[in-house]
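Colleague: I have a pair of chains on my screen and would like to know what stands behind the words you use for them. Could you walk me through it?

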Amino acid sequence: MSIAADTSSARRLDLWWLPRAAILGLIAFFIFGPLANMLLWTVTERWYFPHALPLDYGFSSWARVFAPRGNAMESLLNSILVALLTVVASLSLAIPAGYALARLRVPARAAILLAFLIPQAFPNLTVYVNIARLFYEVGLNGTIAGVVIVHTTHGLVYAIWIATAAFAAVDTELEEAARSIGASALAAFRDVTLPLAMPGLMASAIFVFLESLDEFTGSYFVGAPDVNMLPLLLYTAGAGGNYQIASITALLLLVPSIVFMLLVERFLKADVLARVGR
Amino acid sequence: MKPSTLGLLLTLPALAMVVLFFLVPLAASVVGAFVVGDHFGLGNFTKSFELYTKDIVFTALIVALSSLIVGVFAVAIGGYLTLGENPRAVALLRWLYRWPMFIPFIVVGQILRTFLAKNGLMNNMLVASGLITPLEAVSFLDWRGIVIAFVWKQTPFVALLVAGAMASVDRGTIEAARNLGASRLRILIEILVPQVATTLVVGLVLSFVTMMSVLSVPLMINAQSPTMLTADIAFRINAYGDYGVANALGAISLAITSCVAWIYLRQTMRERA
């Protein structure tokens with residue numbers, strides 16, 4: 001009896017796998033299909049309708065992207081330079097502000113925290129248009145500095161909110177202990193609080209780096225056509241019908257996003273996460 | 001120095017950055033929308049409505065439809081992650097659904113453009129597998145392409161929020177409903193969704209705002225008419241240097257977003273009262 005019941009329940013489970021597998025397969029197709037399409041284009045030499053797959057494979061487009069004189073190499077270096085400068089600028093603003101918001105009595109604290117959210121919470125296209133006009137008058141348009149300023153303003157919410165949470169998660173007593181054995185306020189901060197907050201600060205740096213790497217609209221209005229960056233290269237290559245260059249650029253943008261996101265999960269501990277935005 | 005003064009002093013540089021490089025240009029944009037020649041007037045708005053009424057309606061509809069679909073998918077994913085009975089299928093879905101979240105909008109635009117085109121991989125696969133003939137292949141690079149791109153990119157984000165909120169719903173209620181014979185769909189609609197409604201709405205409002213300001217997707221997938229306001233603004237600036245109409249279109253898009261934010265705020269206020 002019991003064996004018969006077991007096999008019948010097992011058979012019922014098997015039947016349930018049919019719709020499950022169909023739906024999961026459909027989801028997988030729609031998520032990985034476009035990605036596979038991109039990967040195929042990066043190694044395609046010849047591919048036209050109605051062939052389901054490329055006719056010739058090769059790496060000639062990679063050679064063109066990484067040729068030292070190519071526009072792509074310049075875009076890659078510019079993008080990385082801008083992203084690194086944006087991280088430096090954001091963190092040098094966010095570390096003092098985050099410390100103050102976590103530890104000191106700051107008037108209108110909630111309003112200040114919300115203020116950093118504004119650049120993310122409003123449609124920002126017209127803002128960039130107006131910044132571009134403003135920057136044009138002071139000579140910042142089409143410069144690396146101009147793009148870094150725009151990216152920093154946009155990424156500041158991650159820098160400040162996560163830095164604030166990271167400092168709030170550091171035990172105050174450790175700092176007080178350092179002070180009581182004679183460390184100055186600055187030394188206690190440098191030797192005790194800052195190292196303990198470091199994983200959280202790393203996570204905020206990663207968010208800012210990725211925001212900067214992927215940012216298109218601001219780079220388009222403030223940077224183009226003088227400062228070439230990866231998203232702009234991707235756009236022009238795609239618009240010009242060069243799917244190989246566009247897909248390789250897309251891959252260059254996508255790989256750091258995925259790698260860093262996996263890293264963030266290790267840096268952002270639950271005690272910091274629970275304090276974000278408080 | 002008083003600690004509160006020191007605190008304010010340390011936050012001041014960061015605050016100045018946001019005020020100077022976001023709030024001031026935002027104000028300039030709203031004021032600029034009303035400047036015609038050298039006096040104030042509504043000229044830019046009349047011109048905007050004359051030229052772009054179709055695109056304004058198109059934008060609002062596209063973003064609203066995308067939000068709706070994102071909401072349905074997010075609830076379905078969150079619901080299965082919470083109520084799914086097969087641990088392997090749940091784990092597979094959990095691993096699967098997050099991928100698009102990590103992919104930048106500009107990359108989403110490019111890869112979906114190659115995927116959804118008439119000669120893209122999707123049609124090629126369907127033709128190769130004999131499901132359709134080459135003549136039946138359809139390009140999705142119009143309003144459908146934009147909706148698909150938005151849904152593709154935004155669903156994981158909202159699903160993540162919704163699944164997190166559903167996970168913290170009291171299991172006891174769900175078990176009780178199950179024991180009384182309620183189906184999983186009924187539990188999802190009558191127990192889980194009402195309890196995570198606030199999180200769902202917050203996620204959808206955030207998505208709505210994000211979609212309203214994305215420029216790369218409409219430029220890459222559907223730059224012909226009708227298109228989204230962001231593409232029109234870029235066109236007004238690049239082709240005519242017409243800041244007046246661009247600012248007016250920006251103000252209109254801000255007004256649409258404000259409507260959504262207002263509905264959301266009214267909702268949360270009512271819940272608290």
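**Reading the two chains**

Modeller: Gladly. Along its sequence, chain B runs α-β-β-α-α-α-α-α-α-α-α-α-α, and the model we are looking at is a predicted one. That pattern holds eleven helices and two strands, while chain A has 13 helices and two strands.

Colleague: What makes a stretch count as a helix or a strand here?

Modeller: A helix needs a DSSP run of at least four residues, and a strand needs at least two. Take helix α2 of chain B, which covers residues 43–83; such a run meets the helix cut-off of at least four residues.

Colleague: How do you know how chain A compares with a compact globule?

Modeller: By its radius of gyration. For 278 residues, a compact globule would come near 19 Å, but chain A has 25 Å. Its C-alpha trace spans about 75 × 70 × 35 Å along the principal axes. For chain B, the corresponding box is roughly 70 × 70 × 35 Å.

Colleague: Is Ala108(A) buried or exposed, and what makes it so?

Modeller: Exposed means over 50%, and Ala108(A) stands at 53%, so it counts as exposed. Ala108(A) sits in the loop between α3 (71–103) and α4 (109–115) of chain A. Its phi is near 55°, a positive value in a residue other than glycine.

Colleague: What share of each chain counts as buried?

Modeller: In chain B, 50% of the 273 residues do. In chain A, buried residues make up 49% of 278.

Colleague: Now the place where the chains meet. What makes a residue part of the contact?

Modeller: Having heavy atoms within 4.5 Å of the partner. Chain B brings 70 residues to the contact, and chain A brings 72.

Colleague: How is the size of an interface often given?

Modeller: It is often given as the accessible area lost when the parts come together. Here chain B and chain A bury about 6500 Å² between them, with 80% of that on carbon and sulfur atoms. On the chain B side, Phe21(B), Phe22(B) and Phe102(B) supply 10% of the area buried against chain A, more than any other three residues.

Colleague: Which atoms supply the accessible surface of each chain?

Modeller: Carbon and sulfur atoms account for 69% of about 12700 Å² in chain B, and for 68% of about 13100 Å² in chain A.

Methods:
Residues are numbered from 1 along each chain as its sequence is written. Chains are lettered from A and ligands numbered from 1 in the order in which they are written. This is a predicted model: local features need pLDDT of at least 70, side-chain atom pairs count only at pLDDT 80 or more; totals for chains, interfaces and linings use all residues. Side-chain values use heavy atoms; hydrogens and water are left out. Buried means under 20% relative accessible area, exposed over 50%, partly exposed in between (1.4 Å probe, protein chains only). Accessible areas come from the Shrake-Rupley method with a 1.4 Å probe; for residues, only the protein chains shown count as cover. The radius of gyration is taken over C-alpha atoms; the globule rule is 2.2 Å times the number of residues to the power 0.38. Buried area is the accessible area (1.4 Å probe) that two parts lose on being put together, summed over both.
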